[in-house]
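These are my notebook entries on one protein, written down in the order in which I looked things up.

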Amino acid sequence: MPTPPQRNHRITLEQGIEYTTRFRKAAPDAIKASLFWSIGGLTELMAQKDCAGLRIYNGLDEAGIAVHVLVAVDREGNDMTAGTILELAWPCPPFCGEISQLQTG
């Protein structure tokens, strides 16, 4: 199936705060960490020939810790599994900058 039509995925800071706050309230026992991917990996993922976007899968690593698996998607909506696939994100905490409203909302 082809990818969905183009969409403006941008949201306001206020919407982001609402979403993250709502999640923390709905799932108080969930991991509250965010994840950081370096620009190099993301650039490599998105620069693959015929890449039209990316898909993020939820997963569990060997220790049972929640992770996200990122894969490029072609114009037909297919995962580009022969190319770059990312996980190995840096967790926050401990790899955080200054605390933002998205973390504390």
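The entries below go from the whole chain to single residues.

**Entry 1: what I am looking at.** I note that this is a predicted model, in which local features need pLDDT of at least 70 and side-chain atom pairs count only at pLDDT 80 or more, while totals for chains, interfaces and linings use all residues. I number residues from 1 along each chain as its sequence is written, and the side-chain values use heavy atoms, with hydrogens and water left out.

**Entry 2: the overall layout.** I looked up the secondary structure and found three helices and five strands, where helices (H or I, at least four residues) and strands (E, at least two) are DSSP runs numbered from the N terminus. Read from the N terminus, the elements follow the order α-β-α-β-β-β-β-α. The C-alpha atoms fill a box of roughly 40 × 35 × 25 Å along the principal axes. Of the 105 residues, 20% are buried; buried means under 20% relative accessible area, exposed means over 50%, and partly exposed lies in between, with a 1.4 Å probe and protein chains only. I also looked at contacts (heavy atoms within 4.5 Å): among those between residues at least 6 apart in sequence, 50% join residues at least 24 apart.

**Entry 3: the sheet.** In what order do the strands of the open sheet lie? I read the order as E2-E3-E4, three strands with antiparallel pairing, and two strands count as paired if DSSP finds at least two bridges between them. Strand E2 (51-60) and strand E4 (85-86) stand at the edges with a single partner strand each, so one side of each has no neighbour in the sheet. E2 is joined to strand E3 (residues 66-74) by nine bridges. Along this pair I found Ile-56 opposite Leu-70, and Gly-53 with Val-73 as its bridge partner. The hairpin of E2 and E3 has five residues between the strands, and Gly-64 there takes a positive phi near 85 degrees. Two bridges join E3 to E4, and Val-71 stands opposite Ile-85.

**Entry 4: the helices.** Helix H2 (residues 39-46) lies across E2, E3 and E4, and runs at about 125 degrees to E2; the axes are lines fitted to C-alpha atoms, for helices over the stretch in contact, and angles run from 0 to 180 degrees between N-to-C directions. Which residues of H1 are buried? I list Gly-16, Ile-17, Thr-21 and Arg-24. They cover an arc of only 125 degrees around the axis, which puts them on the same side of H1, the arc being that of the directions from the helix axis to the C-beta atoms. I remind myself that an α-helix has 3.6 residues a turn, so residues three or four places apart point the same way. The buried residues of H1 pack against helix H3 (101-104).

**Entry 5: the core.** The largest nonpolar core has eight residues, namely Trp-37, Leu-45, Cys-51, Leu-70, Ala-72, Met-80, Leu-86 and Ala-89. Such a core is a set of buried Ala, Val, Leu, Ile, Met, Phe, Trp, Tyr and Cys residues joined through side-chain atoms within 4.5 Å.

**Entry 6: residues in loops.** Asp-50, in the loop between H2 and E2, has a positive phi of about 75 degrees although it is not a glycine, and is partly exposed with a relative accessible area of 40%. Leu-88, in the loop between E4 and E5, also is not a glycine and has a positive phi, near 40 degrees; Leu-88 is exposed, with a relative accessible area of 75%. Lastly I looked up Phe-95, which lies in the loop between strand E5 (90-92) and H3. Phe-95 and Leu-35 are 60 residues apart in sequence, and 8.7 Å apart in space from C-alpha to C-alpha.
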